[in-house]
Amino acid sequence: INAEYMGTPSECLFFFDFVDMSHKVEVHVSEGDVNLSSNRVAWQSRHIGQDARKKLDEDASVFLHQSLSTPCLNSIKHCEGIYIVDDQDRRLMDFHGNSVHQVGFSHPKVVQAVKDQIDTLSFCPRRYVNDVSTAFAKKLVEIAPGSLKNNCRVLFTPGGTLAVGISLKIIRYATKRFKTISMWDSFHGASLDAISIGGEAIFRKDVGPLLPGCHHVMPYQPNDDPIEAANRIEYVLKTEGDIAAVIAEPIRCTTIIIPPAAYWQRVRELCDQYGALLVFDEIPIGLGRTGKMFCCENFGVTPDILILGKGLGGALVPMAAVLARADLNIAKDKALGHYTHEKSPIGSAAGLATINVLEEEGLIEKCQAMGQYFVEQLLEIQKIKPKWIKEVRGLGLSVGVELCRPDGTRANDEAERIMYRCMELGMSFKLSEGIVLTLTPPLTITKQEMDQAIQIVRQAIEEVCIE
């Protein structure tokens, strides 16, 4: 397979030329590392045994294929703490985890809570209440950020994309408008409504028409003036005049682009000025990941609607939630999304145990200190390879290392080779936009484990990035 970069940096567009095919396959590299890669094929040829290969082939024969999953990379048989274990008993520190593992994999307190709940009440039909789902909702209301604290309503769903869809309904009911502003390069889920507000080509291409009225602006970029960047949003708010909501990730969870507080504070002012709601999607970055229980707390800004997911189920149960301002409880005679597992006792037990672990084990405070240490050590690596590491960015344990070549061109091949070399050395993570090492370990990681991870990253960069 020969891979050739054919697009602009913002598009991340590649063409993969398969030697046994007469055509080129167009791939947009943004949300993660794709499975159409010569480096992946090479890694698999060196490290995948016959048993794992058989499982991969079986998987590929029954699941629909797509560029970010099947055909898959490897087969795993166990996960615990910060580790995943493959079929050949190789242990890898997982700095990816699909953003579900704030409290690590198989945390004993979360596992026990789920086991106990299964023995007591495993399912709750829609017309009924149950103690644990009510207790979980009350807990979220009590810990909600800013003005949402003790002043919001909750709705659960079995997935973050569904929570995004519910939020889109709420903003229409509340404002009597349908237009939205969101960011290019953002991700809010893979359903048709979610990709309409999302900004990644790999999900949007060839599936239109999408929802009407979904406007996009360039997101905050490093070194932007925060007010001028926010003015891009104001331009659409003012020009359209009837925007229902601004929907955004407080930080870009894949490339770890972190706007300054002034940016979001100005966006909050603009939403209030033009009568639009502010919706923050914290599905992958909430629950302590950025050194605060909720990412928006880093910026001193409270949204009207907050969306949580992924780690909310403690890396055990699919669970997501919408936290909406109490006065947005206006759809009493409508159906926002009463899903089959809306008030899941098992999901609620996992969620409540997860919040308790974050609080009782001091993981959020630990995340702040460990994240600062991690970034400091990565900056030391940057000093060794300043021509290859363009920038190190981090907030808590959401950390990104952006690579470029000494001549200023994109280091896509090198970034992927670094990732696969790290896997060989015992560490897994994802690539974003083809050039960012996205490093998001569990908040339970120890200093010894972090030092080991830092050494792996350093070794891989030194081996691959040769001037």
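Trainee: Is the crossing of H11 and H13 left-handed or right-handed?

Mentor: The crossing of H11 and H13 is right-handed in this predicted model.

Trainee: At what angle do H11 and H13 pack, and how far apart are their axes?

Mentor: H11 spans residues 363–384 and H13 spans residues 447–464. They pack at an angle of about 20°, with axes 11 Å apart. Angles under 35 degrees count as roughly parallel. H11 and H13 are therefore roughly parallel to each other.

Trainee: Which residues of H11 and H13 meet?

Mentor: From H11, take Met370, Tyr373, Phe374, Gln377, Leu378, Ile381 and Ile384. From H13, take Lys447, Met450, Asp451, Ile454, Val457, Arg458, Ile461 and Glu462. By class, the residues of this contact of H11 with H13 are 10 nonpolar, 1 polar and 4 charged.

Trainee: Which strands does H13 lie across?

Mentor: H13 lies across S5, S6 (91–94) and S16. Its direction is at about 95° to S6.

Trainee: What is the strand order in the open sheet of 4 strands?

Mentor: The general idea comes before the case. Strands of a sheet pair through backbone hydrogen bonds, either parallel or antiparallel. Here the order is S4-S5-S6-S16, and the pairing is mixed. S4 and S16 (427–428) are the edge strands, each pairing on one side only.

Trainee: How many bridges join S4 to S5?

Mentor: There are 4 bridges between S4 (residues 76–80) and S5 (residues 83–86). The two strands run antiparallel. Isoleucine 76 stands opposite aspartate 86. Glutamate 80 stands opposite tyrosine 83.

Trainee: How many residues lie between S4 and S5 in the hairpin?

Mentor: The hairpin has 2 residues between its strands. Check the turn for backbone angles too. Glycine 81 sits there with a positive phi of about 65°.

Trainee: What is the strand order in the open sheet of 7 strands?

Mentor: It reads S7-S13-S12-S11-S10-S8-S9, again with mixed pairing. S7 (152–157) and S9 (214–217) stand at the edges with a single partner strand each, so one side of each has no neighbour in the sheet. Direction ignored, neighbouring strands of this sheet are turned by 20° against each other on average.

Trainee: Do S8 and S10 run parallel or antiparallel?

Mentor: S8 (residues 179–183) and S10 (residues 243–248) run parallel, joined by 3 bridges. When you inspect side chains, keep one rule in mind. In a regular strand they alternate between the two faces of the sheet.

Trainee: Which helix lies across S8, S10 and S11?

Mentor: Helix H9, residues 261–274, does. H9 runs at about 140° to S11 (277–281).

Trainee: At what angle do H4 and H10 pack?

Mentor: H4 (residues 131–143) and H10 (residues 345–360) pack at about 40°, with their axes 8 Å apart. Their crossing is left-handed. H4 contributes Val132, Ser133, Ala135, Phe136, Lys139 and Ile143. H10 contributes Pro345, Ser348, Ala349, Gly351, Leu352, Ile355, Asn356 and Glu359. The contact of H4 with H10 divides into 8 nonpolar, 4 polar and 2 charged residues.

Trainee: What pLDDT does the chain average?

Mentor: The chain averages 93, and 93% of the residues score at least 70. Over residues 1–28 the pLDDT is below 50. That stretch has 62 contacts in the model beyond near neighbours in sequence. Where pLDDT is low, the predicted coordinates should not be read in detail.

Notes:
Residues are numbered from 1 along each chain as its sequence is written. This is a predicted model: local features need pLDDT of at least 70, side-chain atom pairs count only at pLDDT 80 or more; totals for chains, interfaces and linings use all residues. Side-chain values use heavy atoms; hydrogens and water are left out. Axes are lines fitted to C-alpha atoms, for helices over the stretch in contact, and angles run from 0 to 180 degrees between N-to-C directions. Angles under 35 degrees count as roughly parallel, over 145 as roughly antiparallel, 65 to 115 as roughly perpendicular and the rest as oblique. A crossing is left-handed if the near helix is turned anticlockwise from the far one by less than a right angle, and right-handed if clockwise. Contact means heavy atoms within 4.5 Å. Ala, Val, Leu, Ile, Met, Phe, Trp, Tyr, Cys and Pro count as nonpolar, Asp, Glu, Lys and Arg as charged, and the others, Gly among them, as polar. pLDDT is the predictor's confidence in each residue, from 0 to 100. Two strands pair if DSSP finds at least two bridges between them.
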